Amino acid sequence: MNEQLDSGARAEAKTARLAAEAHAEQIVQDAETRATALVSEAEKRTRALVADAEERLSQIRIERDSVAGYFESLRGLLTQAEKVTALDD
C-alpha cells in the first residue's frame, strides 16, 4: 500500500512538474513574442521620429540660409547708405 501511495505521489509530482514546465515554456514564448513586437514597434517609431527630425533640421537650415541672405542684403544696404552719407558730407 505504501508503495502504491509512493508511486502515486511520484506520478502526481511528475505530472505537476511537467505541467509547470509546459506552462513556464508558454510564458517564455509569449514574453519573447511580445518583446519582439515591442522592439519592432519601437524601431518603427524611432525611424518615423528620426525622419521627422531630419525634415525639421532641413527646414531650419533653409530658414537659416534665408536669414543669412537677408542680413547680407541689409549689410549691403547699410554700406551703401554710409557711402552716400559720406559723399554728402
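This is a predicted model: local features need pLDDT of at least 70, side-chain atom pairs count only at pLDDT 80 or more; totals for chains, interfaces and linings use all residues.

A: A salt bridge is taken here as a side-chain nitrogen of Lys or Arg within 4 Å of a carboxyl oxygen of Asp or Glu, and by this rule the count comes to five salt bridges. The chain carries 12 positive and 18 negative side chains, with the centres of the two sets 2 Å apart.

Among the salt bridges is the one in which the side chains of Glu-21 and Arg-17 meet at 3.2 Å, N to O; both residues lie in helix H1, four residues apart, about one turn of the helix. Glu-21 is partly exposed, with a relative accessible area of 43%, and Arg-17 is likewise partly exposed, at 44%.

Another joins the side chains of Glu-41 and Arg-45 at 3.6 Å, N to O, and because these two are four residues apart in helix H1, about one helical turn separates them. Here Glu-41 counts as partly exposed at 36% relative accessibility, whereas Arg-45, with a relative accessible area of 55%, is exposed, the cut-off for exposed being over 50%.

A further salt bridge links the side chains of Asp-52 and Arg-56 at 3.1 Å, N to O; Asp-52 and Arg-56 are also four residues apart in helix H1, so about one helical turn lies between them. Asp-52 is partly exposed, with a relative accessible area of 38%.

As for the setting, buried residues make up 0% of the 89 residues in the chain, and the C-alpha trace spans about 130 × 15 × 5 Å along its principal axes.

Technical notes. Residues are numbered from 1 along each chain as its sequence is written. Side-chain values use heavy atoms; hydrogens and water are left out. Buried means under 20% relative accessible area, exposed over 50%, partly exposed in between (1.4 Å probe, protein chains only). Lys and Arg count as positive and Asp and Glu as negative; His and the chain ends are not counted. The place of a charge is taken as NZ of Lys, CZ of Arg, CG of Asp or CD of Glu.
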